[in-house]
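Please take a moment to look over the sequence and the model shown below. The paragraphs that follow go from the overall fold to one helix packing and then to a group of aromatic rings.

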Amino acid sequence: MAGPDQAAQHSTEVLHQRKSLGQCPVKMALTGFAFAGIIGYFVLYSKKKPEASALDVAKVTAGVARPENTHPRN
């Protein structure tokens with residue numbers, strides 16, 4: 001078992017962490033945003049009505065849909 005002097009020695013260590021990230025934080029944020037958008041699109045696409053097109057789903061995902069894109073066609 002470790003003694004008190006060894007516990008004090010290990011208390012200042014960084015637990016296998018690097019000082020800098022491997023990727024640029026902006027690049028990682030943009031990648032995460034893209035993944036969230038892709039997952040959101042596929043969730044909405046899987047729940048769409050049969051009369052809705054893939055373009056209608058994309059418009060809703062992007063937030064640019066108008067009522068004619070979201071109401072059933074006659």
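The chain has four helices and zero strands, where helices (H or I, at least four residues) and strands (E, at least two) are DSSP runs numbered from the N terminus. Read from the N terminus on, its elements run α-α-α-α. This is a predicted model, in which local features need pLDDT of at least 70 and side-chain atom pairs count only at pLDDT 80 or more, while totals for chains, interfaces and linings use all residues. Residues are numbered from 1 along each chain as its sequence is written, and side-chain values use heavy atoms, with hydrogens and water left out. Of the 74 residues in the chain, 4% are buried, a term that means under 20% relative accessible area, with exposed meaning over 50% and partly exposed in between (1.4 Å probe, protein chains only).

Two packed helices are described by the angle between their axes and the distance between the axes. Helix 2 (residues 25-46) and helix 3 (residues 54-62) pack at an angle of about 130°, and their axes are 9 Å apart; the axes are lines fitted to C-alpha atoms, for helices over the stretch in contact, and angles run from 0 to 180 degrees between N-to-C directions. That angle makes helix 2 oblique to helix 3, since angles under 35 degrees count as roughly parallel, over 145 as roughly antiparallel, 65 to 115 as roughly perpendicular and the rest as oblique. On the side of helix 2, the contact (heavy atoms within 4.5 Å) is made by Gly37, Tyr41, Leu44 and Tyr45, and on the side of helix 3 by Ala54, Val57, Ala58, Val60 and Thr61.

Tyr41 and Tyr45, which take part in that contact, also belong to a cluster with Phe42 that is linked by ring pairs. The structure holds two aromatic pairs, and rings of Phe, Tyr and Trp (its six-membered ring) pair if their centres lie within 6.5 Å, with planes under 30 degrees apart counted as stacked, over 60 as edge-to-face and the rest as tilted. The rings of Tyr41 and Phe42 have centres 5.5 Å apart and planes at 75°, so this pair is edge-to-face. Tyr41 and Tyr45 form a stacked pair, with 5.9 Å from centre to centre and 20° between the planes, and both lie in helix 2, four residues apart, about one turn of the helix. As for accessibility, Tyr41 counts as partly exposed at 22%, Tyr45 counts as partly exposed at 36%, and Phe42 is exposed, with a relative accessible area of 51%.
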